[in-house]
Amino acid sequence: MEVKEVKMKSFEKKDIRLKEFLEDNLCFKSKSFISLNPFYGCNVGCAYCYRLSHKVLFNVFKRPERFATDKETIELLKSKKELIESGYPISLHDSSTDPFLPETIECTINLVRLIKKAGINKKIVIISKVPIEEEVIKKLIPFKEDLIIMYGFSNLPTKLESPNK
């Protein structure tokens, strides 16, 4: 599967680490989940975010950027039989961005729909700190038996965690 060429400032074309990083993060087994990440980048700006350790990537992706379609993401997942047969749930956008940002929300809803349409019988985990609108909840209700939605609120000072966007 070929990921979309990402146009960036301040990233040298000769460095292929970005492409490899994005491909590796699209669909992989993390510690507790099967992780699907067709976006990379976040504009929430939490000071404690682990993504800060990826200085080049963090500086390039200050807002969510799509690098794979929903269909490509699901096709890659379906090709990884060992992941599908594992007991792990699927987590959406868990290591790349927030699933309920304006840029990612339709992708999140569509991935849930496509996972179920593909007959992948797994729980789907969505972890967010962005308030979930009623309209989004209505779109997700048909999948409620398969969804685990975790909403975080830390009440940290603004200098450590931006207010929910």
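This is a predicted model: local features need pLDDT of at least 70, side-chain atom pairs count only at pLDDT 80 or more; totals for chains, interfaces and linings use all residues.
The helices α3 and α5 are oblique to each other, a class that takes in angles left over once those under 35 degrees are counted as roughly parallel, over 145 as roughly antiparallel and 65 to 115 as roughly perpendicular. Their axes come within 10 Å and cross at roughly 40 degrees, where axes are lines fitted to C-alpha atoms, for helices over the stretch in contact, and angles run from 0 to 180 degrees between N-to-C directions. The crossing of α3 past α5 is right-handed, that is, the near helix is turned clockwise from the far one by less than a right angle. On the α3 side the contact (heavy atoms within 4.5 Å) is made by Asp-70, Lys-71, Thr-73 and Ile-74, and on the α5 side by Cys-107, Asn-110, Leu-111, Leu-114 and Ile-115.

Residues are numbered from 1 along each chain as its sequence is written, and side-chain values use heavy atoms, with hydrogens and water left out.

The chain as a whole has six helices and seven strands, taken as DSSP runs (H or I, at least four residues, for helices; E, at least two, for strands) numbered from the N terminus. Along the sequence they follow the pattern α-β-β-β-α-β-α-α-β-α-β-α-β. Of the contacts in the chain with a separation of 6 or more, 69% are between residues 24 or more positions apart. Of the 165 residues in the chain, 44% are buried, meaning under 20% relative accessible area with a 1.4 Å probe and protein chains only.

Beyond four places in sequence, Val-112 touches Leu-92, Ile-124, Ile-126, Leu-140, Phe-143 and Leu-147.

Finally, Thr-97 lies in the loop between β5 and α5 and is buried, with a relative accessible area of 10%. Leaving aside neighbours within four places in sequence, Thr-97 is in contact with Phe-39, Gly-41, Cys-42, Pro-64 and Thr-104.

Key
Buried means under 20% relative accessible area, exposed over 50%, partly exposed in between (1.4 Å probe, protein chains only).
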